[in-house]
Amino acid sequence: MESNYEKTILIMYSNPETEYPVAITLGNRFEEDCDLFAPDYICSNKEEFEKTIKDILASDRILNIIQMLFSKASMLSS
């Protein structure tokens, strides 16, 4: 269960026997993924994985989430 002070940004899935492919879901909770697994990205190799992670973490959506969480943390520390 998420509170106002935690946010799932992404969940990565892979087979324990191999490094790739890696499936990535965005903004879901693990329970949601269990009900309906529909990854947003599937990375077949290291280069795809690195590019995908960079794109996700640099996206406006993620930067807005980080800014919101930082604002909440700043208010609590005042």
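Predicted model: local features only at pLDDT ≥ 70, side-chain atom pairs only at ≥ 80, totals over all residues.
Which residues does Phe37 touch, not counting residues up to four places away in sequence?

View 1. Not counting residues up to four places away in sequence, Phe37 touches Tyr13, Ala23 and Thr25. Phe37 belongs to the loop that lies between α1 (30-35) and β3. With a relative accessible area of 44%, Phe37 is partly exposed. For scale along the chain, Phe37 and Asp55 are separated by 18 residues in sequence, and their C-alpha atoms are 21 Å apart.

**View 2. The open sheet of three strands.** The strand order is β1-β2-β3, and the pairing is antiparallel. β1 (10-14) and β3 (41-43) are the edge strands, each pairing on one side only. On average, and with direction ignored, neighbouring strands of this sheet are turned by 20° against each other. Strands of a sheet pair through backbone hydrogen bonds, either parallel or antiparallel. Four of the five residues of β2 are buried, so β2 is largely enclosed by the rest of the structure.

**View 3. Bridge partners along β2 (residues 22-26).** Five bridges pair β1 with β2 in the antiparallel sense. On that side, Leu10 is found opposite Leu26 of β2. Towards β3, strand β2 is joined by three bridges, again with the two strands running antiparallel. Ala23 has Ile42 of β3 as its bridge partner, and Ile24 stands opposite Tyr41 in β3.

**View 4. The cis peptide bond between Tyr20 and Pro21.** The bond from Tyr20 to Pro21 has omega near 10° and is cis. Pro21 is located in the loop between β1 and β2.

**View 5. Thr52 in helix α2 (residues 46-57).** Is Thr52 buried or exposed? Thr52 is buried, because its relative accessible area is 10% and the limit for buried is under 20%. A polar atom of the Thr52 side chain lies 2.8 Å from the backbone oxygen of Glu48. Leaving aside neighbours within four places in sequence, Thr52 is in contact with Ile24, Tyr41 and Cys43.

**View 6. The largest nonpolar core.** Seven residues make up this core: Val22, Ile24, Cys43, Ile53, Ile56, Ile62 and Ile65. Two or more residues of the core come from each of β2, α2 and α3 (60-77). Cys43, another member of the core, is buried, with a relative accessible area of 1%.

**View 7. Cys34 and Cys43, without a disulfide.** A disulfide is a covalent bond between the sulfur atoms of two cysteines. The count of disulfides in the model is zero. Cys34 is in no disulfide, and the cysteine sulfur nearest to that of Cys34 belongs to Cys43, 20 Å away.

Definitions and conventions: Residues numbered from 1 in each chain as written. Heavy atoms only, no water. Pairing = 2+ DSSP bridges. Axes fitted to C-alpha atoms, helices over the stretch in contact; angles between N-to-C directions. Disulfide = S-S within 2.5 Å. Buried < 20%, exposed > 50% of the residue type's maximum accessible area, 1.4 Å probe, protein only. Polar contact = N/O pair within 3.5 Å; in protein donor to acceptor, adjacent residues only side chain to side chain. Contact = heavy atoms within 4.5 Å. Core = buried A, V, L, I, M, F, W, Y, C linked by side-chain atoms within 4.5 Å.
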